[in-house]
Amino acid sequence: MTRILTMLFALGLAGTALAQGRPQSQSLSCAANRQSVIANGAIVLGTGGYTYDRFVVHRGFCQFDEYADPAWVPARDTPQCFVGYRCKSNRPWDD
């Protein structure tokens, strides 16, 4: 009986996904936020509360039909910190 309960407990733990927290831009310095984007190429940063976005180091991390739009986030040491770019869909007039 103990063996069955142990197996069920182990399966229950294996089935649950462990939540992985994303870095919050407001808790890091501007330089640390920028370095995270550079080091990873693309990263999801929390930008305050429940908001977040994906930031990339250059257009190469965007899909072929997207462009890289400059992005600023709030940081611990400044209200607007340039961290890289956001991938945006092409504008309709750019056909």
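User: Why is Q63 called exposed in this predicted model?

Analyst: The relative accessibility of Q63 is 52%. Exposed means over 50%, so Q63 counts as exposed. Q63 sits in the loop that runs between β2 (51–56) and β3 (66–73). Its C-alpha atom is 8.8 Å from that of S89, a residue 26 places away along the chain.

User: What makes S29 buried or exposed?

Analyst: S29 has a relative accessibility of 17%. The limit for buried is under 20%, so S29 counts as buried. S29 is a loop residue, placed between α1 (2–15) and α2 (30–40).

User: Which residues does S29 touch, apart from its neighbours within four places in sequence?

Analyst: They are A75, R76 and D77. A75 is also one of the residues of the largest nonpolar core.

User: Why is the link between R86 and D53 called a salt bridge?

Analyst: The closest N and O atoms of R86 and D53 are 2.6 Å apart. The cut-off is within 4 Å, for a side-chain nitrogen of Lys or Arg and a carboxyl oxygen of Asp or Glu. The pair therefore qualifies as a salt bridge. R86 belongs to strand β4 and D53 to strand β2, 33 residues apart, so the pair links distant parts of the chain. A search of the whole structure finds 1 salt bridge.

User: Why is D53 called partly exposed?

Analyst: D53 has a relative accessible area of 30%. Buried would need under 20% and exposed over 50%; D53 lies in between, so it is partly exposed.

User: How do you know that β1 and β2 pair, and how many bridges join them?

Analyst: There are 6 bridges between β1 and β2. Pairing needs at least two, so these strands count as paired. They run antiparallel. In one of these bridges, G46 is partnered by Y52 in β2. The two strands form a hairpin with 2 residues between them, and G49 in the turn has a positive phi of about 60 degrees.

User: What makes up the largest nonpolar core?

Analyst: This core has 10 residues: V37, I43, L45, F55, V57, A71, V73, A75, C81 and V83. Membership requires a buried residue, under 20% relative accessible area, joined through side-chain atoms within 4.5 Å.

User: Which residues are in contact with A71, leaving aside its neighbours within four places in sequence?

Analyst: A71 is in contact with F55, C81, F82, V83, G84, Y85 and R86. Among them, F55, C81 and V83 are also in the largest nonpolar core, and R86 is the salt-bridge partner of D53.

Note on methods:
Residues numbered from 1 in each chain as written. Predicted model: local features only at pLDDT ≥ 70, side-chain atom pairs only at ≥ 80, totals over all residues. Heavy atoms only, no water. Helix = DSSP H or I, 4+ residues; strand = E, 2+ residues; numbered from the N terminus. Buried < 20%, exposed > 50% of the residue type's maximum accessible area, 1.4 Å probe, protein only. Contact = heavy atoms within 4.5 Å.
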